[in-house]
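Subject: Structure handover and findings

Hello,

Here is the structure to look over. Please open it alongside this message, as my notes follow below.

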Amino acid sequence: MELKGLMIDNPKDGIFRVHRSAMTSPEILQMEQERVFNKCWLYLCHESEVENPGDYRRRNVAGRPLFVVRGSDGKVRVFLNTCTHRGALICRRDQGNTEVLQCFYHAWTFNNQGELIGVPDEAGYGKGFNRAEMGLKSPPRVDNYRGFIFVSFNPDVEDLVTYLAGARDYIDLIVDQAEEGMRMIPGSNRYFIKANWKLLVENSLDGYHVKPTHKTYFEYVTSLGVKTGAVQTAFSRPARALGNGHAVEEHDGVRGRPIARWSPLFGEETKEEIARIRARLVEKFGEQRTRLMADISRNLLVYPNLIIIDSIDITVRIFWPITPELMEVTAWQLAPKEEKRELLARRLDNFLTFHGPGGFATPDDVEAIESCQAGYKAEGVEWSELSRGMHREAIAEDELQLRAFWRQWYGYMLGLGKVDTKDPVFRERSSVAS
Amino acid sequence: MPEARLGGNDNSVPTLREEVEDFLYQEAALLDEWRLDEWLALFTVDARYVVPTTDLPEGDPKKELVFIDDDMVRLRARVERLKSRHGHREYPWSRTRRFITNVRVKRLEGHNIFVTSSFLVYRFRMGDTSPYVGWYEHRLKQIDRELKIHHKRTVLDMETLREHGAVSIIL
């Protein structure tokens with residue numbers, strides 16, 4: 001498989017293209033597993049999902065069955081979900097609470113700290129058998145940034161904070177909205193899309209599609225009283241490459257935010273509470289940062305495949321390739337632990353209107369990227385065009401943020417590691433500044 | 001409703017369950033035929049339509065994440081969206097066929113009739129077949145001698161929306 005030439009990055013003429021085989025080739029998917037997913041930090045879960053000792057959650061990460069459990073000692077650990085004896089899955093429920101995990105096959109028993117504590121007829125093993133060495137195994141690296149737990153299958157990966165680069169500030173902007181920390185709301189959206197996983201990266205960061213694709217959503221919010229002018233100008237903020245392939249697209253929320261910009265759509269009864277939250281933010285973080293947190297919405301990519309949509313609601317979305325033409329998506333809702341019922345209801349209400357697979361927008365995104373994948377079968381058009389805004393300071397409606405992802409993806413695929421993911425117009429500026 | 005009487009008991013008066021069954025079959029037919037405005041007219045003005053997520057079938061939309069939690073304002077908007085050529089996941093419309101069985105009148109409370117049933121909804125579109133399987137809880141109300149839906153809860157049995165990608169039709 002010839003990787004060189006899969007991407008055209010020509011700033012002189014303002015042309016950026018990706019070869020469509022990147023979305024269709026099984027060989028490329030296999031290489032992505034080795035060169036992207038086995039190299040990066042990958043999102044696993046939020047620490048609030050294993051709040052109490054014994055709480056566990058089962059997760060698949062890059063095709064590998066894992067589970068995360070808070071031990072009776074209070075420490076969160078991540079284990080490969082396979083018995084060290086003969087391989088059976090140890091954790092066979094999606095979530096629960098337990099002190100011990102017993103493999104049903106031969107009844108080997110592990111405690112919730114991963115130690116092997118019971119082997120039926122242990123005398124049947126010779127002296128070379130050391131029970132202490134037969135505990136559950138963990139991925140090489142596990143780390144937690146402000147509640148977001150990541151794993152890496154690359155023992156030599158840089159530390160998580162360095163990896164997060166400029167995305168760290170944006171995670172801070174989200175987490176700092178909560179007074180007592182964030183929690184994942186129970187219930188998740190699990191759906192599959194018949195498209196290459198990278199198309200959901202593109203779609204999640206793409207401000208250009210929002211108005212044409214999601215016309216029915218905007219018709220609905222306009223019918224509720226949102227001014228159409230607000231919708232028209234919402235996506236004119238700058239888009240940013242944040243280093244390491246991370247990227248963000250920011251826009252003006254058109255319906256207010258529970259934290260913390262009141263809108264008539266939220267009802268008079270929430271006005272005081274939102275004002276109180278805003279005052280607290282101003283006191284703690286100052287006016288400028290409060291405006292960033294409470295007035296502006298953003299779609300953030302933590303490379304390669306974690307999307308956090310910080311708008312009226314906070315959607316956390318992760319997706320994994322199953323085949324080049326099929327991905328599995330899971331989405332959750334993050335909310336401040338202390339959030340009052342009325343505001344939580346409005347947060348959930350927005351999620352359901354826009355982001356959920358039963359909402360007024362997400363099904364059309366699914367349709368759009370499945371449609372792209374189906375279109376690739378025509379073959380005669382080799383390249384996808386991602387040049388928008390390359391000649392200017394790109395805004396959310398441009399494709400700079402998509403290019404940032406693609407440049408880093410290409411860097412990993414070619415084995416170059418970190419590359420400069422910015423558009424050249426910004427590279428020149430930073431070199432002048434330095 | 002003479003049709004109902006044909007299936008009735010000895011004195012040809014339909015039982016409550018028969019009436020309820022006819023109502024559910026009629027609802028299914030309106031949806032399969034995409035007669036969405038007529039379907040909407042089956043609901044009371046203060047009705048609610050809820051579809052929990054596949055991993056939390058008992059989910060409470062007030063404090064937990066569900067797929068759909070529509071009051072009549074949003075349900076009407078959902079219907080408008082499905083009738084629009086900009087509701088892309090359903091434009092053109094999918095073909096559907098609904099099978100409703102195991103209808104049970106669970107209890108009566110004042111004017112409320114609590115009904116559960118099993119469903120299998122086949123959806124065909126763009127070469128794909130995606131069956132939704134699960135059960136309904138309908139809370140029906142007798143208003144002016146007509147049954148109306150006061151609350152409809154659609155609980156899915158699938159583990160994920162693997163074949164479906166979305167809940168783009170009304171279930």
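Start with helix 9 of chain A. Its buried residues are Leu343(A), Arg346(A), Arg347(A), Leu348(A), Asp349(A), Asn350(A), Phe351(A), Leu352(A), Thr353(A) and Phe354(A). Please keep in mind that this is a predicted model.

**Helix 9 of chain A**

The helix runs over residues 341-354. At 1.5 Å a residue, its 14 residues should span 20 Å. The end C-alpha atoms are 20 Å apart, which agrees. Of the 14 residues, 10 are buried, so helix 9 of chain A is largely enclosed by the rest of the structure. The cut-off for buried is 20 or more other C-beta atoms within 10 Å of the residue's own.

What covers those buried residues? From chain A, the cover includes helix 6 (215-224), helix 8 (271-294), strand 19 and strand 20. Strand 2 of chain B is also part of it.

**Where the chains touch**

Strand 2 of chain B comes up again here. The contact takes 33 residues from chain A and 30 residues from chain B. On the side of chain B that touches chain A, strand 2 (66-70) and helix 4 (72-83) of chain B each supply at least two residues. The largest share of that side comes from strand 2 of chain B, with 4 residues. By class, this side of chain B has 11 nonpolar, 11 polar and 8 charged residues.

**Strand 20 of chain A**

Now to strand 20 of chain A, also named above in the cover of helix 9. It covers residues 326-336. Of its 11 residues, 8 are buried, so strand 20 of chain A is largely enclosed by the rest of the structure.

Which strands pair with it? Here are the pairings, with an example position for each:

- Strand 13 (residues 182-184) of chain A pairs with strand 20 of chain A in the antiparallel sense, over 3 bridges. Arg183(A) stands opposite Ala335(A).
- Strand 14 (residues 189-193) of chain A runs antiparallel to strand 20 of chain A and is joined to it by 5 bridges. Arg190(A) stands opposite Thr330(A).
- Strand 19 (residues 314-323) of chain A also runs antiparallel to strand 20 of chain A, with 9 bridges joining the two. Arg317(A) stands opposite Ala331(A).

Strand 19 and strand 20 of chain A form a hairpin. There are 2 residues between them.

**Domains of chain A**

Chain A is divided into domain 1 (45-145) and domain 2 (185-257 + 295-433). Note that domain 2 is given as two stretches of sequence. The C-alpha centres of the two domains of chain A lie 35 Å apart.

In chain A, 3 strands form an open sheet in the order 8-9-10, and the pairing is antiparallel. Which strands are at the edges? They are strand 8 (100-102) and strand 10 of chain A, and each pairs on one side only. The twist averages 35° from one strand to the next.

Strand 8 of chain A is joined to strand 9 (residues 109-111) of chain A by 3 bridges. The two run antiparallel. The bridge partner of Val100(A) in strand 9 of chain A is Asn111(A).

**Backbone points to check by eye**

Two peptide bonds are cis:

- Ile259(A) to Ala260(A) is cis, with omega near -15°. Ala260(A) is in the loop between strand 16 (246-252) and helix 8 of chain A.
- Tyr91(B) to Pro92(B) is cis, with omega near 0°. Pro92(B) is in the loop between helix 4 and strand 3 (95-109) of chain B.

Two residues other than glycine have a positive phi:

- Asp121(A) has a phi of about 50° and is not a glycine. Asp121(A) is in the loop between strand 10 (116-118) and strand 11 (141-145) of chain A. Is Asp121(A) buried or exposed? It counts as exposed, because it has 8 C-beta neighbours inside 10 Å.
- Met126(B) has a positive phi near 50°. Met126(B) is in the loop between strand 4 (112-125) and strand 5 (128-143) of chain B. With 11 C-beta neighbours inside 10 Å, Met126(B) also counts as exposed.

Best wishes

Definitions and conventions. Residues numbered from 1 in each chain as written. Chains lettered and ligands numbered in written order. Predicted model: local features only at pLDDT ≥ 70, side-chain atom pairs only at ≥ 80, totals over all residues. Contact = placed C-beta atoms within 7 Å. Nonpolar A, V, L, I, M, F, W, Y, C, P; charged D, E, K, R; others polar. Domains from an automatic or database assignment. Buried ≥ 20, exposed ≤ 12 C-beta atoms within 10 Å, placed from the backbone. Pairing = 2+ DSSP bridges. Expected span 1.5 Å × (residues − 1). Axes fitted to C-alpha atoms, helices over the stretch in contact; angles between N-to-C directions.
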